Amino acid sequence: MHNFDFFKPASIEEAAEVLSKYGEDSRVIAGGTALMLALRQRLLQPQCLISVGDIEAMRGIDWDPGHGLRIGALTLHSEVAGSEAINTHYPLLAHLAKRMANPQVRNQGTLGGNLCYADPATDPPTGLLALDARVVLHSVRGTRELLLSQFLVDYYTTAIEPDELLVEVLIPPPGSYGSSRYTRFLKTAAEHRPLATVAVAASLDEATCSGIRIAVGASTAIPMRLSRAEKYLTGRQISAEAIREAAAFVAEDIDALDDSRGSERYRRRMTGVIARRTLAEVFGIEQEVGGEP
Amino acid sequence: MTRHVLNIEVNGEREQIDVSAHRLLSELLRDDLHLTGTKRGCETGTCGACSVTVNGKLVKSCLMLAVQADKAKITTIEGLGSAEKLHPLQRSFMERGGVQCGYCTPGMIMTANAFLETNPEPTEAEVREGLGANLCRCTGYNGIVDAVMQAAEVMRGA
């Protein structure tokens, strides 16, 4: 690994100053689990690293019934998994964080770092998309808020500018979208990178779906919402047949990746299967075992 | 390029040490402090052989810069037990055949110890899940899982 300068600003303002000076020649380091690999493989060779590990204002999880949830960008995945507020109000996110990657990485990796790296084969972006999350970016030019769907641009690409710092993630109150589930599909149990992920948050009015957000990731370059399946289910009486139909739309509509980890056809089929199972869990519908997706 | 003076506590001993920014924590432990119990295996965060605890949290020391550990308390396998006074996990790994070549063992034991702190009464499936990021190419894992189950019992009683 090449050598570099290492800065440890004590505040968001100080970090923004350093970032505005070095921009593209620098990289922000939080936990470092992803960045370390990129440096070692020489995918990145920044002149300096800006460590945000000392910035207290980027830590913490705050819940407010009126505003929802604020998660500081430095929050570890293990802290998301263990947070009482997240377990109570966003069980989908807690469930996702409890099993993502592996114990060591959950103790090192941060939510903000995970989002900035924009690796498709990971869990948080899909879950956060189904929860309508936003990110807050700060630079010397000011602060702006982006929807996660605006922030994630493409394979390993985000809308963050070279002088910006992701400081926190905001999630609106769940409101009536109280029924939610997250499913990850791993090709083998030993692999920690998902091949397909599905997150669903729904609002139920007795047996009718009154609103739903369906997000798919890992099988796509960036997580995406599935509007045709969402529209199909909204206002509909939920049945095993309706779920099967919606899952088929999901499999058809995704921009599936096609690479050495999984062909396009395989990814579509597996995404369809886990979409059907996830929807069945959300709506409490019994599924016959071994059925077609 | 910058050099940094770190103040760290390793296995209860305070150390002040000068490192370059690109020094990995695993390199600091092995090459600067000569604590060679911690192993370097894949060096890409996959094998878990370099697992240590930093401020009580289990981490992979090949995925962390030494400068990130400034002011931290670090525990390595050398801090867990000694030849005279074995840690229950060290004893159970010997007794239950959890060791063959031994290369993965320090990382396995550090991981198992951190796991048992959060889950002192685990099922076998939970042990396997907890050790999911530590690779062993010799034992087929059964001896290791048996050893962790045995140590859990001993540690609960102790």
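This is a predicted model: local features need pLDDT of at least 70, side-chain atom pairs count only at pLDDT 80 or more; totals for chains, interfaces and linings use all residues.
Figure 1. After the helix comes H34(B), a residue with a positive phi near 55 degrees.

**Figure 2. The crossing of helices α2 and α3 in chain B.** Helix α2(B), formed by residues 88–95, and helix α3(B), formed by residues 105–118, have axes that come within 10 Å and cross at roughly 125 degrees. An angle over 145 degrees would count as roughly antiparallel and one of 65 to 115 degrees as roughly perpendicular, and the two helices are therefore described as oblique to each other. The crossing in which α2(B) passes α3(B) is right-handed.

**Figure 3. Residues at the contact of α2(B) with α3(B).** On the α2(B) side the contact is made by L89(B), Q90(B) and F93(B), which meet T105(B), I109(B), A112(B) and N113(B) on the α3(B) side. Sorted by class, this contact contains four nonpolar and three polar residues, with no charged residues.

**Figure 4. The side of chain B that touches chain A.** Here 22 residues of chain B are in contact with 20 residues of chain A. Within chain B, the element that gives the most to this side is strand β4, residues 57–60, which supplies four residues. By class, the side of chain B that touches chain A holds nine nonpolar, 11 polar and two charged residues.

Figure 5. Taken along the principal axes, the C-alpha atoms of the chain fill a box of roughly 50 × 30 × 25 Å. For 158 residues a compact globule would have a radius of gyration near 15 Å, and the 16 Å computed for chain B agrees with this expectation. Buried residues account for 44% of the 158 residues in the chain. Among the contacts in chain B between residues at least 6 apart in sequence, 59% join residues at least 24 apart.

How values were computed
Residues are numbered from 1 along each chain as its sequence is written. Chains are lettered from A and ligands numbered from 1 in the order in which they are written. Axes are lines fitted to C-alpha atoms, for helices over the stretch in contact, and angles run from 0 to 180 degrees between N-to-C directions. Angles under 35 degrees count as roughly parallel, over 145 as roughly antiparallel, 65 to 115 as roughly perpendicular and the rest as oblique. A crossing is left-handed if the near helix is turned anticlockwise from the far one by less than a right angle, and right-handed if clockwise. Two residues are in contact if their C-beta atoms, placed from the backbone, lie within 7 Å. Ala, Val, Leu, Ile, Met, Phe, Trp, Tyr, Cys and Pro count as nonpolar, Asp, Glu, Lys and Arg as charged, and the others, Gly among them, as polar. The radius of gyration is taken over C-alpha atoms; the globule rule is 2.2 Å times the number of residues to the power 0.38. A residue is buried if 20 or more other C-beta atoms lie within 10 Å of its own, exposed if 12 or fewer, and partly exposed in between; C-beta atoms are placed from the backbone.
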